[in-house]
Amino acid sequence: MKGPVASRITGARVTWTWALLCALTGLSWALAAERRFTPGTALTIAVVAIAAVKTRFVIREFMEVRTAPRWLRRATDGWLAALMAAIIGLYLLH
Amino acid sequence: MTARPATAATPPQSTSPRGALALPGDVGMWVFVLGDMVIFGAYFIIFMVYRGHEQASFLAGERHLSLASGAVNTLLLLAGSRFVALAVAAARAGQDGRARRLVQWGALCGCGFLLVKAHEWDALVNAGLTVTHGNFYMFYYAFTGVHLFHVLMGLIVLAIMHAELHRPAGRRIWLIEAAGIYWHLVDLLWIILFALLYLMR
């Protein structure tokens, strides 16, 4: 029986997404370990940007928002963009 | 906007008859998830406002956190999310036994997260870094505590998902999808918490 909608996420795509997310986690871990005790604007922007990319992959791929109706794609992207802009903006303000 | 897909009459059932664009899970779960995202988002912004005013003390607080604990917990939740996403795909394909095993692996990752977090809290409290140790630790315990509650809820949700996979005759794929979406929410909130509490300088 042909069950799922063709565009639903496949096992291979889940695993590739997961591998990418792990690599990005390792990258931000290594970046932050380099500079433990002093403020770093470039580092902070980098780790927040990596977190934004990871969050979007979780939403789009694992939560399958990529193939969801437009209102949901827009709502989640809008939330992420507004939150990340606020975090970076407030960081740079001080 | 779409309504919840019809209850499956026979297994394995299609997720939705509406073609390529379909709402995973059900509207109720998405209302909850989006609401939770907005509430957490507001608290993240409040954290950033406080951090801006007390940058030195937040940075000093951060140096006592174990970067490795935060990173390992991120990897545990990512692995858990992978298992649960694979479980949803297996359930759609009618492979309920495989889906159940994958849910069990996902729950194991969640339990691993709880153990790492308990160990981390224990070490911090023993070092005298309790909730009264400045605003950074006030936020740290509030955020990680509320998040931990989400992990516990997630384990209950996985148990419901597991039970649903034991009902081949009447299992509801929307419910299995909705459970997966909740589990991924726990993962994505931690990704942002990890950046705000452990990574930024």
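1. Buried here means under 20% relative accessible area, exposed over 50%, and partly exposed in between (1.4 Å probe, protein chains only).

2. This is a predicted model, in which local features need pLDDT of at least 70 and side-chain atom pairs count only at pLDDT 80 or more, while totals for chains, interfaces and linings use all residues. Residues are numbered from 1 along each chain as its sequence is written, chains are lettered from A and ligands numbered from 1 in the order in which they are written, and side-chain values use heavy atoms, with hydrogens and water left out.

3. In helix 2 of chain B, residues 55-62, the buried residues are B:Phe58, B:Leu59, B:Gly61 and B:Glu62. Seen down the helix axis, they fall within an arc of 160° (taken from the directions from the axis to the C-beta atoms), so they line one face of the helix. Helices are DSSP runs (H or I, at least four residues), numbered from the N terminus.

4. B:Ser81 lies in helix 3 of chain B and counts as buried because its relative accessibility is 0%. Leaving out residues up to four places away in sequence, B:Ser81 is in contact (heavy atoms within 4.5 Å) with A:Phe62, B:Trp183, B:His184 and B:Asp187.

Notes
Helices (H or I, at least four residues) and strands (E, at least two) are DSSP runs, numbered from the N terminus.
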